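User: I am new to reading helical structures. Could you take me through this one, step by step?

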Amino acid sequence: MEFSSDEELIICALAENENAFTELVKRYIKPVYSFVYRIVGNKGDAEDITQDIFLSVWKNIRRFDTTKRFKTWIFTIAQNTALNWIKRKKPVLFAQLNSEEEETLLDTMEDPGPLPETLFARADLGRLLARALETLHPQSRVVLLLHYEDGFTFTEIGEIFHESVNTIKSLHRRSLHALKNILERDHAPERPCSL
Amino acid sequence: MQDHYQRLFFHLEVHEPSHDFLVSILGRVAQKRVLSARVRMGVFSTLSLGALVALFPAWQELRLELVQSGFSQLFSLLFSDGGTLIALWKDFVFSLAESLPFMGISFFLGSAFIFLFSLRSLSRVISIFSYRSNNIQVSV
């Protein structure tokens with residue numbers, strides 16, 4: 001049986017078609033797993049959380065609003081599940097990193113400029129970027145991953161976070177500033193020792 | 001500017017789950033399905049049995065109330081003295097309505113409805129359960 005869209009799959013899954021649900025899982029298992037892995041940082045926890053996510057999808061599929069996009073819905077579940085896991089296991093990561101004054105200042109700043117081209121020439125850029133993302137606040141990490149890796153618009157990210165588009169754009173701008181600072185710091189050549 | 005950072009994220013390593021991860025997810029969902037089906041079977045079995053047991057005294061009670069309220073006697077006039085009743089049909093209808101044992105009827109119909117509903121739900125669970133047991137395939 002051929003399925004073309006997520007909506008068709010969901011309609012069939014609601015009619016107790018198990019192949020339809022299996023197909024849905026197949027379509028989203030890799031992007032959801034990859035997203036969760038980047039948030040939690042290890043394979044074992046990422047697999048456990050991903051299993052919980054798909055169980056939650058199965059339990060709540062009858063409540064899914066078929067006028068909305070399924071990808072947004074499943075990533076909302078993924079984001080909530082993964083961030084709740086972090087809150088339980090690593091609560092210090094959720095401590096407020098910036099004061100309100102700092103956040104207001106960052107919100108009025110312009111977009112961060114481009115990264116140095118020499119950074120793109122590095123063979124270990126992927127590893128450097130992964131390490132930089134790990135040091136970001138989990139929410140910042142999620143916004144950047146959803147936008148640049150999973151292709152969500154700011155409006156869709158706003159739906160996932162239950163925030164306004166402007167709030168997400170501010171968070172995105174702050175996250176890019178933080179990421180750029182970390183990458184430039186890690187990429188800077190070491191100063192020679194001076195005697 | 002965003003294209004610039006988009007280019008940066010292309011370098012991010014893709015993480016893939018274990019080879020049999022899909023099977024383990026589907027296995028866990030299948031376990032939950034079976035558990036859910038068993039719970040529903042238990043609930044609807046109990047409900048239908050309870051409603052069936054309640055039906056008999058409900059029916060006995062309804063029959064008794066129909067006689068005691070005079071409804072049976074009034075209703076039998078339809079067949080014995082139809083001509084008079086046609087002339088006094090309004091009074092006859094009101095008398096019939098007044099003599100209806102609503103409590104007995106409610107109890108009987110309620111038991112019957114619960115029995116039929118739970119029987120229908122039970123048969124649905126059983127048919128889905130047996131269909132899946134015979135036909136389930138996980139293709140990876």
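User: Which residues in α3(A) meet which residues in α4(A)?

Analyst: This is a predicted model, where local features need pLDDT of at least 70, side-chain atom pairs count only at pLDDT 80 or more, and totals for chains, interfaces and linings use all residues. Residues are numbered from 1 along each chain as its sequence is written, while chains are lettered from A and ligands numbered from 1 in the order in which they are written. Helices (H or I, at least four residues) and strands (E, at least two) are DSSP runs, numbered from the N terminus. Two residues are in contact if their C-beta atoms, placed from the backbone, lie within 7 Å. On the α3(A) side are Ile49(A), Asp52(A), Ile53(A), Ser56(A) and Val57(A). They meet Ile74(A), Ile77(A), Ala78(A), Thr81(A), Ala82(A) and Trp85(A) in α4(A). By class, this contact has eight nonpolar, two polar and one charged residues. Ala, Val, Leu, Ile, Met, Phe, Trp, Tyr, Cys and Pro count as nonpolar, Asp, Glu, Lys and Arg as charged, and the others, Gly among them, as polar.

User: At what angle do the axes of α3(A) and α4(A) cross?

Analyst: Two packed helices are described by the angle between their axes and the distance between the axes. Axes are lines fitted to C-alpha atoms, for helices over the stretch in contact, and angles run from 0 to 180 degrees between N-to-C directions. Here the axes cross at roughly 135° and come within 10 Å. The two helices are therefore oblique to each other. Angles under 35 degrees count as roughly parallel, over 145 as roughly antiparallel, 65 to 115 as roughly perpendicular and the rest as oblique.

User: How do α3(B) and α5(B) pack?

Analyst: Their angle is about 150°, with the axes 9 Å apart. α3(B) and α5(B) are therefore roughly antiparallel to each other. Phe71(B), Leu74(B) and Phe75(B) in α3(B) meet Ser95(B), Leu96(B) and Ser99(B) in α5(B).

User: How many helices and strands does chain B have?

Analyst: Chain B has six helices and zero strands. Its radius of gyration is 31 Å, well over the 14 Å that the globule rule gives for 140 residues, so chain B is more spread out than a compact globule. The radius is taken over C-alpha atoms, and the rule is 2.2 Å times the number of residues to the power 0.38.

User: How many residues of chain B are in contact with chain A?

Analyst: 25 residues of chain B touch 26 residues of chain A. The largest share of the chain B side, seven residues, comes from α2(B).
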